[in-house]
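Have the viewer open while you read.

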Amino acid sequence: MASNIISAIINSILFWIVAGAITACFCGWYAKRNGDAWGEWFVLGAIYPFFIAIPAIIFCSRPAKK
């Protein structure tokens, strides 16, 4: 019983670490592609959950001037 709970906690932590890293990389790439401050979005993508950070970068980053 206790090992199942510990395993579930470890799996949850690993999921959020991997999701945070992927979200941070995506947000940094997307911001750089659109001419926005990639470092700021990278950090925000690493801190906020993906279901908040990805829509935020899509709707709030300014498009590149052509």
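What follows covers the helix contacts, the core and the aromatic pairs.

A few ground rules: this is a predicted model, with local features needing pLDDT of at least 70, side-chain atom pairs counting only at pLDDT 80 or more, and totals for chains, interfaces and linings using all residues. Residues are numbered from 1 along each chain as its sequence is written, and side-chain values use heavy atoms, with hydrogens and water left out.

**Helix packing**

Helices here are DSSP runs (H or I, at least four residues), numbered from the N terminus. Axes are lines fitted to C-alpha atoms over the stretch in contact, and angles run from 0 to 180 degrees between N-to-C directions. Start with H1 and H3: their axes come within 10 Å and cross at roughly 5°. That makes the two roughly parallel, a label for angles under 35 degrees, while over 145 counts as roughly antiparallel.

Contact means heavy atoms within 4.5 Å. On the H1 side, the residues meeting H3 are Phe 15, Trp 16, Ala 19, Thr 23, Phe 26, Cys 27, Tyr 30 and Ala 31, and H3 answers with Phe 50, Phe 51, Ala 53, Ile 54, Ile 57 and Ile 58. The residues of this contact divide into 13 nonpolar, one polar and no charged.

Now H2 (residues 38-47) and H3 (residues 50-60): their axes come within 9 Å and cross at roughly 155°, so H2 and H3 are roughly antiparallel. H2 brings Trp 41, Leu 44 and Gly 45 to the contact, and H3 brings Ala 53, Ala 56, Ile 57 and Cys 60. That set holds six nonpolar residues, one polar and no charged.

**The core**

A nonpolar core is a set of buried Ala, Val, Leu, Ile, Met, Phe, Trp, Tyr and Cys residues joined through side-chain atoms within 4.5 Å. The largest one has six residues: Cys 27, Tyr 30, Ala 31, Trp 41, Ala 53 and Ile 57. H1 (2-33) and H3 are the elements giving two or more residues to this core, and H1 supplies the largest share, three residues. Leaving aside residues up to four places away in sequence, Tyr 30 touches Ile 57, Ile 58 and Ser 61.

**Rings**

How many aromatic pairs does the structure hold? There are nine. Rings of Phe, Tyr and Trp (its six-membered ring) pair if their centres lie within 6.5 Å, and planes over 60 degrees apart count as edge-to-face.

| Pair | Centre to centre | Angle between planes |
|---|---|---|
| Phe 15 and Trp 16 | 5.2 Å | 75° |
| Phe 15 and Phe 50 | 6.1 Å | 85° |

The pair of Phe 15 and Phe 50 links distant parts of the chain, from H1 to H3, 35 residues apart. Ring pairs join Phe 15, Trp 16, Phe 50 and Phe 51 into a cluster.

Buried means under 20% relative accessible area, exposed over 50%, and partly exposed in between (1.4 Å probe, protein chains only). Phe 15 is partly exposed at 43%, Trp 16 is partly exposed at 41%, and Phe 50 is partly exposed at 31%.

Methods. Parallel < 35°, antiparallel > 145°, perpendicular 65-115°, else oblique. Nonpolar A, V, L, I, M, F, W, Y, C, P; charged D, E, K, R; others polar. Phe/Tyr/Trp six-rings, centres within 6.5 Å; stacked < 30°, edge-to-face > 60°.
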